[in-house]
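The following note was prepared for a colleague who has the sequence and the coordinates at hand.

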Amino acid sequence: MVRATLGNSVTTLDELYDLFDCGSFYNTERPINSDEEWSHAIDQYRAVVGEDASIESCGNGFNVSYEVQQFDGKGRGVVALEDIKMGQIVYKMKNTAVFGDGEMYRQFLFRLDKGFACDVFVHWAYVYEEEDGEIYIGVDLDPGSYMNDADHPLEVKERNVDCSTGMGHATRDISAGEELICSYSDFHEDYGWEEFGLGDTWV
């Protein structure tokens, strides 16, 4: 396991991308992470955030049979292994790590293997806004993070999972073998990283 060393001069996501050498990890196919790797990430999150941790227990958030597969051109994705009825709960956001502070988020990243950390802030983490207007950084620390975006640049599809709430339900009947797709715009904002001292771009 290779981790980066925390430096006070490193602040933005762009700088973290360079420090973690993230570009080198995306020259080849990224691995499908094990349950142990997800559990380790949750443990590191709890170690950083302490009693304010939003994840109370481990366990997969999927409520249906699924498989993570590699897709040509767009990497990992989630495929249903059973027929799913419209309205059925597909995924519960029970493993969402929440950060209200940019420094804690940085500390969390530095506790992870470099490749896993790159996946977190390049692909999986997002800024979201609560009803009271407060914004937070969220990242789902389970295979739910592998669900691809309906507006993926390489393949635009209609979403079949509504991810706008903590209970992602099927928007239509889904057949076994179909990829599970949500719309990232349902839950993340296009702004906010700068308010956490992480720069004004994603990466």
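Is Lys 157 buried, partly exposed or exposed? With a relative accessible area of 33%, Lys 157 is partly exposed. The points below concern a predicted model.

1. Lys 157 and its partner. Lys 157 forms a salt bridge with Glu 179, and the closest N and O atoms of the pair are 3.7 Å apart. Lys 157 belongs to the loop between strand E9 (155-156) and E10, whereas Glu 179 belongs to the loop between E11 and strand E12 (181-182), so the pair ties together parts that are 22 residues apart in sequence. Glu 179 has a relative accessible area of 7% and is buried, while Lys 157, as stated above, is partly exposed.

2. Other salt bridges. The structure holds nine salt bridges. One of them joins the side chains of Glu 178 and Arg 172, with an N to O distance of 2.8 Å. Glu 178 is partly exposed at a relative accessible area of 23%, and Arg 172 is partly exposed at 32%.

3. A salt bridge within a helix. Asp 43 forms a salt bridge with Arg 46, the closest N and O atoms lying 3.8 Å apart. Both residues are in helix H3 (residues 35-49); because they are three residues apart there, about one helical turn separates them. Asp 43 counts as partly exposed at 40% relative accessibility. Arg 46 is also partly exposed, its relative accessible area being 24%.

4. Packing of H3 against H4. The axes of H3 and helix H4 (residues 102-110) are 9 Å apart, and the two helices pack at an angle of about 140°. The cut-off matters here, since an angle must be over 145 degrees to count as roughly antiparallel; H3 and H4 are therefore oblique to each other. The crossing of H3 past H4 is right-handed. On the H3 side the contact is made by Ala 41, Gln 44, Tyr 45, Val 48 and Val 49, and on the H4 side by Met 104, Gln 107 and Phe 108.

5. The sheet E4-E6-E5. Three strands form an open sheet in this order, with antiparallel pairing. E4 and E5 are the edge strands, each pairing on one side only. Neighbouring strands of this sheet are turned by 40° against each other on average, direction ignored. Five of the six residues of strand E6 (residues 135-140) are buried, so E6 is largely enclosed by the rest of the structure.

6. Strand E4 (residues 96-99) pairs with E6 over four bridges in the antiparallel sense. Val 98 has Gly 138 as its bridge partner in E6. Four bridges also join strand E5 (residues 126-129) to E6, again antiparallel. In that pairing, Tyr 126 stands opposite Gly 138, and the bridge partner of Val 127 is Ile 137. The hairpin of E5 and E6 has five residues between the strands, and in this hairpin Gly 133 takes a positive phi near 90°.

7. The sheet E3-E11-E10. A further open sheet consists of three strands in this order, and its pairing is antiparallel. Its edge strands are strand E3 (89-92) and strand E10 (161-162), each of which pairs on one side only. E3 and strand E11 (residues 167-170) run antiparallel and are joined by three bridges.

8. Asn 60. Which parts of the chain does Asn 60 contact beyond its neighbours within four places in sequence? Asn 60 is in contact there with Tyr 66, Lys 94, Asn 95, Asp 142 and Pro 143. Asn 60 itself is placed in the loop between H3 and strand E1 (66-71). With 31% relative accessibility, Asn 60 counts as partly exposed. Its C-alpha atom is 8.6 Å from that of Lys 92, a residue 32 residues apart from Asn 60 along the chain.

Notes:
Residues numbered from 1 in each chain as written. Predicted model: local features only at pLDDT ≥ 70, side-chain atom pairs only at ≥ 80, totals over all residues. Heavy atoms only, no water. Pairing = 2+ DSSP bridges. Salt bridge = Lys/Arg side-chain N within 4 Å of Asp/Glu carboxyl O. Buried < 20%, exposed > 50% of the residue type's maximum accessible area, 1.4 Å probe, protein only. Axes fitted to C-alpha atoms, helices over the stretch in contact; angles between N-to-C directions. Parallel < 35°, antiparallel > 145°, perpendicular 65-115°, else oblique. Left-handed = near helix turned anticlockwise from the far one by under 90°. Contact = heavy atoms within 4.5 Å.
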